[in-house]
Amino acid sequence: FTQFTPELHGVKALLRARDGRLWIGRKSGLGVISGGQFRQFYPDDGVARTDVRALAEDEAGAIWAGAGDGTLTRVLTNKATTFRAPDAWGGQPIWSLLADSNGVVWVGTFRGGLLRFQGGKFTRYTTKDGFPDDVICQILDDGAGRLWMGSKQGIFHADKSELQAFAAGRLDTINCTAYGRYDGLPSLECSDNYQPAAWRTRDGRLLFATLKGVVSVRP
């Protein structure tokens with residue numbers, strides 16, 4: 001083990017980008033290690049000095065960062081652009097992110113449900129729309145048309161086609177399949193303190209961190 005210099009404290013999220021850079025979400029904001037050198041982003045760069053708890057990379061190579069004040073930041077070629085849901089829950093902390101292959105960014109929030117962001121438009125999904133919980137700690141795509149989410153009330157999945165239909169106004173309720181203790185979960189509460197807290201393996205398994213161990217799912 002080698003201690004990185006300068007010492008970086010308060011790390012909440014890590015993301016290794018396809019270009020080899022290591023993006024770091026911390027209590028004090030967003031940073032990146034490139035060529036062994038660390039760079040901190042500042043308000044002059046368009047990134048506020050607030051806690052960053054989730055990171056993702058999209059197909060275009062843009063880095064997405066989710067902050068504790070509900071701000072979603074997109075960084076492309078070191079230029080930052082920020083977004084925030086315009087509704088009453090827009091300030092809810094962002095705890096998880098997934099950048100889809102079709103240009104959609106899925107945003108898991110604390111007590112604000114799931115957000116779908118595409119083309120500058122946010123769509124929110126909550127317990128009022130069929131979700132079992134409004135705390136979304138983890139998000140994974142199973143590659144078969146479903147999003148799997150870890151929450152404080154277990155693990156559940158929903159069809160992306162239904163989520164899309166809801167966003168387009170063609171559907172009023174999302175049908176979710178939820179899993180709990182009787183299905184083998186050692187704890188209903190999934191981990192959220194550090195990201196990534198869920199992973200899709202090369203053989204297609206989905207791994208979720210819970211408060212009482214790792215859960216493996218073959219979707």
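**Pocket**

I looked up which strands line the largest pocket: β1 (11-16), β5 (52-57), β9 (94-99), β13 (136-141) and β17 (198-200) each give at least two residues to the lining. Strands here are DSSP E runs of at least two residues, helices are H or I runs of at least four, and both are numbered from the N terminus. A pocket, on a 1 Å grid over the protein atoms alone, is an open set of points where a 1.4 Å probe fits, with protein on both sides within 12 Å along at least five of seven lines; lining residues have an atom within 4 Å of a point.

This is a predicted model, where local features need pLDDT of at least 70 and side-chain atom pairs pLDDT 80 or more, while totals for chains, interfaces and linings use all residues. Residues are numbered from 1 along each chain as its sequence is written, and side-chain values use heavy atoms, without hydrogens and water.

I noted a volume of about 870 Å³ for the largest pocket, taken as the space filled by probe spheres set on the grid points, which are joined across faces, edges and corners. Its lining has 30 residues, and Leu 15, Ala 56, Glu 57, Leu 98 and Trp 199 are the closest to the centre. By type, I found 17 nonpolar, five polar and eight charged residues in that lining (Ala, Val, Leu, Ile, Met, Phe, Trp, Tyr, Cys and Pro count as nonpolar, Asp, Glu, Lys and Arg as charged, the others, Gly among them, as polar).

**Rings**

Next I looked up aromatic pairs and found eleven (Phe, Tyr or Trp rings, the six-membered one for Trp, with centres within 6.5 Å; planes under 30 degrees apart are stacked, over 60 edge-to-face, the rest tilted). Trp 64 and Phe 117 have ring centres 5.9 Å apart and planes at 70°, so I logged them as edge-to-face. They sit 53 residues apart in the chain, Trp 64 in β6 (residues 63-67) and Phe 117 in β11 (residues 114-118). Both Trp 64 and Phe 117 are buried (under 20% relative accessible area with a 1.4 Å probe, protein chains only; over 50% is exposed, in between partly exposed).

Phe 117 also pairs with Phe 122: the centres are 4.4 Å apart and the planes at 40°, so this pair is tilted. I also found a cluster joined by ring pairs: Trp 106, Tyr 125, Phe 131, Phe 156 and Phe 166.

**Helix α1**

After α1 comes Gly 169, with a positive phi near 85°.
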